[in-house]
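Here is a short briefing for a first look at this structure.

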Amino acid sequence: MSLTAAGPEAQDALFNSKSTEHVPATLKRATLRMEFPPSYALVGVYRLCTDKQLYKPAWDKCKHATQRGAVVGAIWAFLTFSIQRRFIEIFLSNSPSITGLSRDDTVFGYKVPFSLYTYATIMTVGSQVTYILRFFLSKNIRIARDRAWDQTVASRGKGPDFWRSYVEEWDNPPKLEVQTPWEKFVDKSLGGWFGLFIVKRVLLSPFQVYPFFGLIVSAWFKALGTSRFLHRRYFEAKKMTKQQVDVFIEERKWDYRAFGFVAALLESIPIVGLFFTVSNRVGAAMWAHDLEKRQHYIAEQRLHGGKQD
């Protein structure tokens, strides 16, 4: 059973210690990898750094825009760092009840080994430089991400026919709550790029003030949405309906939360987080590949009259 799928709504005993002996040898390694989904984010980093077929096309596509953005970002940081630090110091000093900060460099009464104002300034300026890099990269990095997914799938030796129709793996899939009109509106509004921008860059931005803790809290809030977004290509390849996607994720929601948390945490790091937005596509594609192999296995079992627990 998946370690991260042990919640009361996510019991999945398909590949537990008793049933793995009946799983084909070609699927056993994938089963072991799926025991800890966050590992796919880390494997994605490793693959992107070591596989020339992945990192070279991505770098070639983004190289010149990255260089231009880095120059502009460096100039911006050099000219504005001191001014922004002074502004942040004044603002945070006058609003300790909101931020939990005090004048003696403590967060909610806990001493930290560095200046909170300097940390907050570094995070703020780092985010601004990230925006500058995003502006210059824009279309190129989106192309690099799509290519990273395609090249990762191709490296596994699979073509378009590998992605088959959705197969329900549970005999008793979880029932989803019917959304109210308001919930449907919120889901539709926040599901697009503008909604994600508001949530990530506006509502969660105050958490940047808190050292390290802020990144963790923000990543947790973004976890499920991030993992769902990263598997968008997988759901599209299988031509899954929204209902099927919702059920599929609900059955593995702790797996998706764990993977999405690590992916969102990596992407939240200023500047270098842009690199992780590409590597996460690699990791997500590898996970999708293993999930699809599992779907094939379930389909064969159902075809031959096999019954899943």
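Cys-49 counts as partly exposed because its relative accessibility is 47%. Cys-62 counts as buried because its relative accessibility is 7%. Buried means under 20% relative accessible area, exposed over 50%, and partly exposed in between (1.4 Å probe, protein chains only). This is a predicted model: local features need pLDDT of at least 70, side-chain atom pairs count only at pLDDT 80 or more, and totals for chains, interfaces and linings use all residues. Residues are numbered from 1 along each chain as its sequence is written, and side-chain values use heavy atoms, leaving out hydrogens and water.

**Nonpolar cores**
- A nonpolar core is a set of buried Ala, Val, Leu, Ile, Met, Phe, Trp, Tyr and Cys residues joined through side-chain atoms within 4.5 Å.
- The largest nonpolar core has 44 residues, and Tyr-234, Phe-235 and Phe-248 touch the most other members.
- Helices giving two or more residues to this core include H3 (52-93), H5 (116-137) and H13 (273-303); helices are DSSP runs (H or I, at least four residues), numbered from the N terminus.
- H13 gives the largest share of this core, ten residues.
- Another core, of five residues, lies apart from it, and includes Leu-27 and Tyr-297.

**Confidence**
- pLDDT is the predictor's confidence in each residue, from 0 to 100.
- The chain averages a pLDDT of 80, and 71% of the residues score at least 70.
- Over residues 1-19, pLDDT stays under 50.
- Where pLDDT is low, the predicted coordinates should not be read in detail.

Conventions:
Contact = heavy atoms within 4.5 Å.
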